[in-house]
Amino acid sequence: MASSQERVVAVILVGGPTKGTRFRPLSLNVPKPLFPLAGQPMIHHPISACKRIPNLAQIYLIGFYEEREFALYVSSISNELRIPVRYLKEDKPHGSAGGLYNFRDYVMEDNPSHIFLLNCDVCCSFPLPEMLEAHKRYGGMGTILVIKVSAESANQFGELVADPITNEVLHYTEKPETFVSDLINCGVYVFTPDIFTAIQDAIMQRNDRANLHRETSFEFLQSATKALLHADFVRLDQDILSPLAGKKVLYTYETTDFWEQIKTPGMSLKCSALYLSQFRHTSSHLLAGGGDTRCATIVGDVYIHPSAKVHVTAKIGPNVSISANARIGAGVRLISCIILDDVEIKENAIAINSIVGWKSSIGRWARVQGDGDYSAKLGITILGEAVAVEDEVVVINSIVLPNKTLNVSVQEEIIL
Ligand code: GTP
């Protein structure tokens, strides 16, 4: 049991418009952290998981997007969860540890005993209370959520070697060229406030090194000056975690549940499916029910916004989420899709493995489809905002940028 004096805060790193470029064209309209997965903004999933943390005082979102982009969401989610959620804007990117350090006074305002730090673009079940318990047992400065992945895919992430008995992190390398371990960093952490001392020490050591080089060698003058200019840019993985491995301060908590990184639109479709299936256990009221004769036919996990109009003869699912004010016509078939706000899908059209952008329309008997290879560049079909696919046109494995009208069929194309 957590003692009543202990307070916990959570920080979610949301990045900014220069990050998440692989998410285009969907990030052209909306900051990537607000893109809907299973009908809820991407950051809604970690935020609602934070609600389960005992004695949670506050949630901070740190990023370098404009404040107004998050204002509406932050106020509505604060009311909904009855936990203060605050957006803190960096004037420029400070890196994942630098961003946290920059706002240390805010984060420490509630005098927390523990600080959760979450990357906004991970999709998992966020076992946060369980992590906190494990962290307290270990008695270290930080605990990292980790997962085992295939040896072939491990090098896309931070690889860790942990002591099998104590779970201490013995070695940490970010995206190594040669295989180190199949245990990877999930981008979800819990720290004691000592994390700020660790970041400060790293900044000071870097400054000392730069000053030393400047005094001892002209050759280093240029690079040392550059290092000083970027002294407040600190990455959590390379600059902080890696040097702390093997020092009995970092530990791991392994999840055997699902975990994915949401870097591309294809992965958002996969993660939408994972969150929809999680709703069965956590928020079944958000899933569309089958069996009602006044309703469309629902197959598997489907989310339909209450303002969307779906014709009774349409067949929807599995893995479909339909956002506000969408209109789905008679005889439409949707499988594995994200349908965004104000979309119109006319009679007898089909969309499979596709993301249909805001205000787009798909004509009668048209077909919009992808193979469903979520990690391939053209593995799904994406229609940007206000794209019109005319009647009977077929669009396969393609990306269509905003405001285009397609009156001929296309396959494996990027329409600029
Ligand atoms: P890639 O480098 O893109 O492969 O992914 P990564 O997730 O390992 O990247 P990174 O360590 O850069 O980002 C981790 C998390 O921190 C993501 O949620 C980013 O949006 C966020 N992030 C990265 N840099 C900054 C920063 O300067 N400021 C803020 N506020 N967030 C950041």
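Okay, quick word on naming first: helices are DSSP runs of H or I with at least four residues, strands are runs of E with at least two, and both are numbered from the N terminus. Residue numbers start from 1 along each chain as its sequence is written. And this is a predicted model, where local features need pLDDT of at least 70, side-chain atom pairs count only at pLDDT 80 or more, and totals for chains, interfaces and linings use all residues.

Let's start with helix 8, residues 236–244. Which of its residues are buried, meaning 20 or more other C-beta atoms, placed from the backbone, lie within 10 Å of their own? Leu236, Asp239, Ile240 and Leu241. After helix 8 comes Gly246, with a positive phi near 75°.

Now the ligand. There are 18 residues around it, and Leu13, Gly15, Pro93, Gly99 and Asn119 come nearest; being near here means a backbone-placed C-beta within 6 Å. Strand 1 (8–15), strand 4 (56–63) and helix 3 (95–102) each supply at least two residues of that shell. Helix 3 is mostly covered, with eight of its eight residues buried, and Gly99 is among them.

Last bit, the other end of the numbering. The unreviewed UniProt entry annotates residues 298–415 as "domain: Mannose-1-phosphate guanyltransferase C-terminal", and such annotations may be inferred rather than shown by experiment. In the model that span is 0% helix and 42% strand, and its end C-alpha atoms lie 32 Å apart.

Conventions:
A residue is buried if 20 or more other C-beta atoms lie within 10 Å of its own, exposed if 12 or fewer, and partly exposed in between; C-beta atoms are placed from the backbone.
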